[in-house]
Amino acid sequence: MRARTLADLSAPLLALRLLGAEFGHLPAPTVEVSPIYPERLELTFHDDFAAFEAWREALNIHPDSVVHRVQTGGQTGVLRVHAAFAGAELELIGYAKVPAASPVLAGSGAVS
């Protein structure tokens with residue numbers, strides 16, 4: 001269903017207002033409300049899994065609910081979780097660079 005008016009976005013906008021009032025001390029996410037998904041509030045964290053985790057914990061979302069993926073040829077980690085909050089579908093998304101593997105030099109391993 002596509003929203004026709006701003007009033008059709010009332011669920012995610014109310015959720016955003018409540019999140020701002022209750023969790024204003026947490027790191028600021030990128031916020032998206034879209035008429036394409038009028039019930040969804042999306043909070044995105046770029047290059048900051050710690051901010052994602054702070055919000056997940058504050059919202060009491062179980063860690064087992066988080067889906068982890070890697071994209072961009074293994075260079076970007078993505079954390080994603082869905083939850084309900086104040087009548088809205090809440091989606092938290094975190095992106096961070098995957099550290100490059102350090103090369104192991106020949107002969108540098110432990111010897112038994």
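In this predicted model, Arg-40 is partly exposed, at 22% relative accessibility. The side chain of Arg-40 meets that of Glu-91 in a salt bridge, with an N to O distance of 3.6 Å. Glu-91 sits in strand β5 and Arg-40 in strand β2, so the pair ties together parts 51 residues apart in sequence. Glu-91 itself is buried; its relative accessible area is 4%, which is under the 20% cut-off. Arg-80 joins Arg-40 and Glu-91 in a network of salt bridges.

The structure holds four salt bridges. One of them pairs Glu-53 with Arg-56, with the closest N and O atoms 2.8 Å apart. Both residues lie in helix α2, three residues apart, or about one turn of the helix. Glu-53 is partly exposed, with a relative accessible area of 26%. Arg-56 counts as buried, at 7% relative accessibility. Arg-56 also forms a salt bridge with Glu-57, where the closest N and O atoms are 3.8 Å apart. Glu-57 is exposed, with a relative accessible area of 53%.

The nonpolar residues were examined next. The largest nonpolar core has 20 residues. Leu-19, Leu-43, Trp-55, Leu-59, Leu-90 and Leu-92 have the most contacts inside this core. At least two core residues come from each of α1 (10-22), β2 (40-46), α2 (49-58), β4 (76-85) and β5 (88-97). Beyond its neighbours within four places in sequence, Leu-19 is in contact with Gly-24, Leu-41, Leu-43, Trp-55, Leu-59, Phe-85 and Leu-90. In soluble globular proteins, nonpolar side chains tend to be buried together.

Conventions:
Residues numbered from 1 in each chain as written. Predicted model: local features only at pLDDT ≥ 70, side-chain atom pairs only at ≥ 80, totals over all residues. Heavy atoms only, no water. Core = buried A, V, L, I, M, F, W, Y, C linked by side-chain atoms within 4.5 Å. Buried < 20%, exposed > 50% of the residue type's maximum accessible area, 1.4 Å probe, protein only. Helix = DSSP H or I, 4+ residues; strand = E, 2+ residues; numbered from the N terminus. Contact = heavy atoms within 4.5 Å.
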